[in-house]
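Biologist: I would like to learn how to read surface patches, charged contacts and ring pairs in a model. Could you take me through them one at a time?

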Amino acid sequence: MATTAKPSLFTRFLDRIEYWGNKLPDPVMIFIGLCILIVVCSGIFSAMGVSAYNPVTKETIQVVNLLTLDGLTQIITKATTNFTGFPALGVVLVVMFGIGVAEHSGYFKSLMIAAVEKAPFKIIVPILILVAMLGTVAGDASQIVVPPIAAMIFLRLGYHPIAGLVMAYAAALGAFAANAIIGMADALALSFTEAGLKAIGANVPVNIAMNWYFMTVSMFLLLFVILFVTYKVIIPRLGTYDAGDLHQESMTELTDIEKRGLRYANYSIVITLALIAVAAIPETSFLRNPNTGSIIDGPLVQGVAITMAVIFFIPGLVYAVVTKTAKSSKDIVHMMNQSMAGMSGFIVIVFFAAQMIALFAWSNLGLIIAIKGANLLEGQNGVTLIVGFIFLTAILNLFIGSASAKWALLAPIFVPMFLFLGYHPAFAQAIYRVGDSITNPITPMFPYLPLLLSYAKKYDKDVGLGTLIANLFPYTLALGIVWTIFVLIWYWLGIPVGPGGPIHIDPSAFN
């Protein structure tokens, strides 16, 4: 059994982060506090005559006092429409109908287990990493399902099972944004990016796939980074493991009916994708823009919520019918209800985030901060901006685990700020998603870390949270360095980060 060394100075530092991070209030309470702060600041800065010159509209922007009768009336009467009109809220919820059926029918779980079962032993470790990364499109499934499977496989390979646990966990969360499949993370990020643009009235076309090129290439790059850290750092560090009574343990295998259900479900998704592709080929296709013939601004992408919901719903439905996890239409509807219940936290956050963004817009504080921030950073080069923003996001992520909550805080300021400096919102969003991912493995704000600890105790009853964080930190460090350098290279090459997502934009063109 591997012995646990005395916690290092850095491990103790991380323990302090965990302690103080747990003292932070819930993100919803943070947003409520920010709403109050914005209203109070609007009155103070309005009385001080704070203003900023908008270089796009050629107008001087004044702070609007919300501590007036008209301001308070607006806050009360517009609260509901702020929420219901929140950009991409509908997209997220509609997509969840399809994902809910695919997840709760058992399709996602069976798909991940099958992918690992069929992989040759020589490439099983990179396959595990890839499955963990791709599995994040299914929400929580990857970080919950893949680590224990990886531990069992590492045991069979003769490695320490906890090495498999931390590798899979780091792949699912440390490279969270790196995925070749457009999913919920893209929809969530887009919703707050759009809100940041709406707050300043910027008319910049954005879409759910605008980070796809960058994130797809990142996925393959980070796969090798995680593989390198695993073989060169984690496996040697944890050493050998005495399996004892666990030597007969094997990974849960799929039953015959699960295999049949998975096969038919996979057939259905291939057929669905083929039909969509064939329908989109003609220039006169109803899935293209009728005026330009483009797919990016046509119904296929602009109506991506329905497209994605269908792509996930159909295989989930087929799997449920074949495996009999759904015996009637009521069971299918129940799966959708379960997915909506899982979104309750997001919906609550969105309500208060929507109020905060609206207050920023009405008071002009968000716009003025963006303008003054852009003026302050105008002399800085792109490298300073990129590295600084990634570092800020990564540090903030240690205290606020929710990606949507962080982007709700940062987007109203940084999307306009980068826009004023000539950077497209797609690029700003891509930078944020890098910073938001790299410290995910070591943040104590995720409920998955205690779950990972419970998995680890199965193999070493003396293992502690500090041990896990110490073994996860090399992944965070490597991902942070490599991914940041990769962003800079992408920036220097000037490659679009996705369809409709260039690096630069003319600030005068978005008014």
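Biologist: Which helix gives the largest share of the positive patch?

Modeller: A patch is made of residues with over 30% relative accessible area and no salt bridge, like charges being joined within 9 Å and nonpolar side chains (Val, Leu, Ile, Met, Phe, Trp, Tyr) within 5 Å. Here the largest share, three residues, comes from helix H12 (residues 256-280), helices being DSSP runs of H or I with at least four residues, numbered from the N terminus. The patch gathers Lys-118, Lys-259, Arg-260, Arg-263, Lys-324 and Lys-327 on the surface. This is a predicted model, in which local features need pLDDT of at least 70 and side-chain atom pairs count only at pLDDT 80 or more, while totals for chains, interfaces and linings use all residues. Residues are numbered from 1 along each chain as its sequence is written, and side-chain values use heavy atoms, with hydrogens and water left out.

Biologist: Is Lys-118 buried or exposed?

Modeller: Buried means under 20% relative accessible area, exposed over 50%, and partly exposed in between, with a 1.4 Å probe and protein chains only. Lys-118, placed in helix H6 (residues 107-118), counts as exposed because its relative accessibility is 70%.

Biologist: Which residues form the nonpolar patch?

Modeller: Ile-36, Val-40, Ile-44, Phe-45, Met-48, Leu-67 and Leu-72 form it, with about 620 Å² of accessible area together, and helix H2 (residues 27-47) gives the most, four residues. Leu-72, in helix H3 (residues 69-77), is partly exposed at 40% relative accessible area.

Biologist: How many salt bridges does the count come to?

Modeller: A salt bridge is a side-chain nitrogen of Lys or Arg within 4 Å of a carboxyl oxygen of Asp or Glu, and the count comes to one. Arg-433 forms a salt bridge with Asp-186, their closest N and O atoms being 3.1 Å apart. Arg-433 lies in helix H20 (residues 425-438) and Asp-186 in helix H10 (residues 184-199), so the pair ties together parts 247 residues apart in sequence. Both Arg-433 and Asp-186 are buried.

Biologist: How many aromatic pairs are there?

Modeller: Rings of Phe, Tyr and Trp (its six-membered ring) pair if their centres lie within 6.5 Å, planes under 30 degrees apart counting as stacked, over 60 as edge-to-face and the rest as tilted; the count comes to 19. Tyr-107 and Tyr-319 form a tilted pair, 6.1 Å centre to centre with 55° between the planes. Tyr-107 lies in helix H6 and Tyr-319 in helix H14 (residues 304-323), so this pair ties together parts 212 residues apart in sequence.

Note on methods:
Accessible areas come from the Shrake-Rupley method with a 1.4 Å probe; for residues, only the protein chains shown count as cover. Lys and Arg count as positive and Asp and Glu as negative; His and the chain ends are not counted. The place of a charge is taken as NZ of Lys, CZ of Arg, CG of Asp or CD of Glu. Helices (H or I, at least four residues) and strands (E, at least two) are DSSP runs, numbered from the N terminus.
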